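Here is a short report on one protein chain.

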Amino acid sequence: METMRPGPQLLIERASDDVRIALEKSDTNALELVSWCLERLAKDSSEPDQVRLVLSGDFVASVRDRSENAPGASQYTIMRGSGIVGGKTIACRDGHIDVLLHAGFFMALDEGADSMDTIQLIRRTVAHEAQHVVMHQRESSFQEPPIRSLKAANLESAALAIIEEYRAELGVELELREGDARWDPLQILDDLSAGLGIAVAEYQFHLEVERLIFDVGASALVAWKSLAYQVAEERIMLGEHRSNVRATQDKRWAKLIGPHWDEFIDLLGSLGAGTAKTAPAELTSAASALAQLLDEWLLTLGFRWTDTPNGSSHFAIEQWYFEETDFLAALEHMSGQSPRS
């Protein structure tokens with residue numbers, strides 16, 4: 001007699017009674033959608049009984065609960081440039097892998113067009129997160145690098161995170177991409193320029209180098225991940241990558257992205273989706289090469305990060321950056337405060 005293997009568990013946390021009621025009503029699409037999500041996670045996972053689908057009414061709090069000792073956990077937000085985080089996969093200390101979604105997405109799903117768009121978005125998000133699950137379970141996912149210098153550890157961590165996001169995005173099949181908003185490289189540029197401008201302007205007031213590094217790194221990483229999604233999108237939709245003509249004609253693209261774009265595409269293009277078995281040595285090699293590229297890219301963005309002989313590092317803003325319009329606009333917005341001397 002064949003027995004069914006245990007599947008992923010469902011958890012509802014920090015959610016209002018409205019969410020629980022919606023999930024208990026058999027006349028809504030919520031239960032059907034939850035079932036689809038659990039089945040997809042079971043299908044892609046090698047250990048489905050160790051996976052939990054978490055519907056949270058307070059996404060940020062649920063992420064922070066699971067990441068309290070991770071660097072930057074207390075600063076975690078769902079904002080990513082002009083967008084927000086729809087889902088997140090976290091490997092927990094107890095061995096479970098939690099896939100977090102916003103519980104509010106599952107409320108009041110009816111037969112309307114808006115609900116169908118929401119259902120498609122959730123399915124697409126879970127397909128992406130399922131790739132993270134399998135990478136974690138195969139131990140071919142993001143791993144904290146050995147502690148070396150602050151610079152080396154951060155750049156390699158960033159490289160591994162970008163690689164994982166790219167591989168997860170490759171696992172989202174075409175039918176789940178119907179209705180996708182295409183990645184807009186000019187919007188990525190807008191968000192990057194604004195984020196870096198704010199980081200540099202705020203530094204004139206707080207003068208905390210570690211905070212400057214975090215703020216610059218956060219803005220750059222969001223942009224790099226978004227560009228990786230764009231590369232994956234083009235590879236899936238077209239079978240190749242084609243540079244966006246409108247973006248390449250923008251002078252900011254030529255200055256901030258263009259010098260590294262082809263190498264970025266080549267490095268990512270050598271990798272497969274999260275479900276594709278990838279040798280650890282291949283990931284190590286790709287991450288090392290990408291970390292070197294990110295180091296060069298930071299200088300292009302206007303930030304010089306160098307290791308010092310005593311084992312520490314020095315982070316500096318290149319002088320040309322202080323003529324940039326995004327920095328000047330951010331500084332003017334903060335003009336009610338006085339920079340420290």
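## Surface patch

Leu174, Met237 and Leu238 make a nonpolar surface patch of about 260 Å². Patches are made of residues with over 30% relative accessible area and no salt bridge; like charges are joined within 9 Å, and nonpolar side chains (Val, Leu, Ile, Met, Phe, Trp, Tyr) within 5 Å. Areas come from the Shrake-Rupley method with a 1.4 Å probe, and for residues only the protein chains shown count as cover.

Met237 lies in helix α7 (residues 209-238). Helices (H or I, at least four residues) and strands (E, at least two) are DSSP runs, numbered from the N terminus. Met237 has a relative accessible area of 38%, so Met237 is partly exposed. Buried means under 20% relative accessible area, exposed means over 50%, and partly exposed is in between (1.4 Å probe, protein chains only).

## Basis of the model

This is a predicted model: local features need pLDDT of at least 70, side-chain atom pairs count only at pLDDT 80 or more, and totals for chains, interfaces and linings use all residues. Residues are numbered from 1 along each chain as its sequence is written, and side-chain values use heavy atoms, with hydrogens and water left out.

## Nonpolar cores

The largest nonpolar core has 58 residues. Ile257, Phe264, Leu290, Leu294, Trp297, Leu301 and Phe303 touch the most other members. Several elements each supply at least two residues of this core, including α5 (150-170), α6 (185-206), α9 (251-269) and α10 (280-301). The strands β7 (303-307) and β8 (313-317) are also among them. Helix α7 gives the most, with 11 residues. A nonpolar core is a set of buried Ala, Val, Leu, Ile, Met, Phe, Trp, Tyr and Cys residues joined through side-chain atoms within 4.5 Å.

Leu294 touches Leu155, Ala158, Ala159, Ile162 and Trp224, not counting residues up to four places away in sequence. Contact means heavy atoms within 4.5 Å. A second, separate core of 19 residues includes Leu41, Val51, Leu53 and Leu55.

## Salt bridges

The whole structure holds 16 salt bridges. Each is a side-chain nitrogen of Lys or Arg within 4 Å of a carboxyl oxygen of Asp or Glu. Asp94 pairs with Arg52, the closest N and O atoms being 3.4 Å apart. Asp94 sits in the loop between β5 (87-91) and β6 (97-102), and Arg52 in strand β2 (residues 51-56), 42 residues apart. Asp94 is partly exposed at 48% relative accessibility, whereas Arg52 is buried at 13%.

Arg52 also forms a salt bridge with Asp98, with the closest N and O atoms 2.7 Å apart. Arg52 lies in strand β2 and Asp98 in strand β6, so the pair ties together parts 46 residues apart in sequence. Asp98 is buried, at 0% relative accessibility.

Arg124 and Glu169 form another salt bridge, the closest N and O atoms being 2.4 Å apart. Arg124 is in helix α4 (residues 113-137) and Glu169 in helix α5, 45 residues apart. Arg124 is buried at 12%, and Glu169 is buried at 4%. Salt bridges that share partners join Glu13, Arg52, Arg66, Asp94 and Asp98 into one network.

## Gln204

Gln204 is in helix α6. Its relative accessibility is 18%, so Gln204 counts as buried. A polar atom of the Gln204 side chain lies 2.8 Å from the backbone oxygen of Val200. Gln204 and Leu331 are 127 residues apart in sequence and 8.6 Å apart in space, C-alpha to C-alpha.

Definitions and conventions: A polar contact is a pair of N or O atoms within 3.5 Å; within protein, one must be able to donate a hydrogen and the other to accept it, and residues adjacent in sequence count only if both atoms are side-chain atoms.
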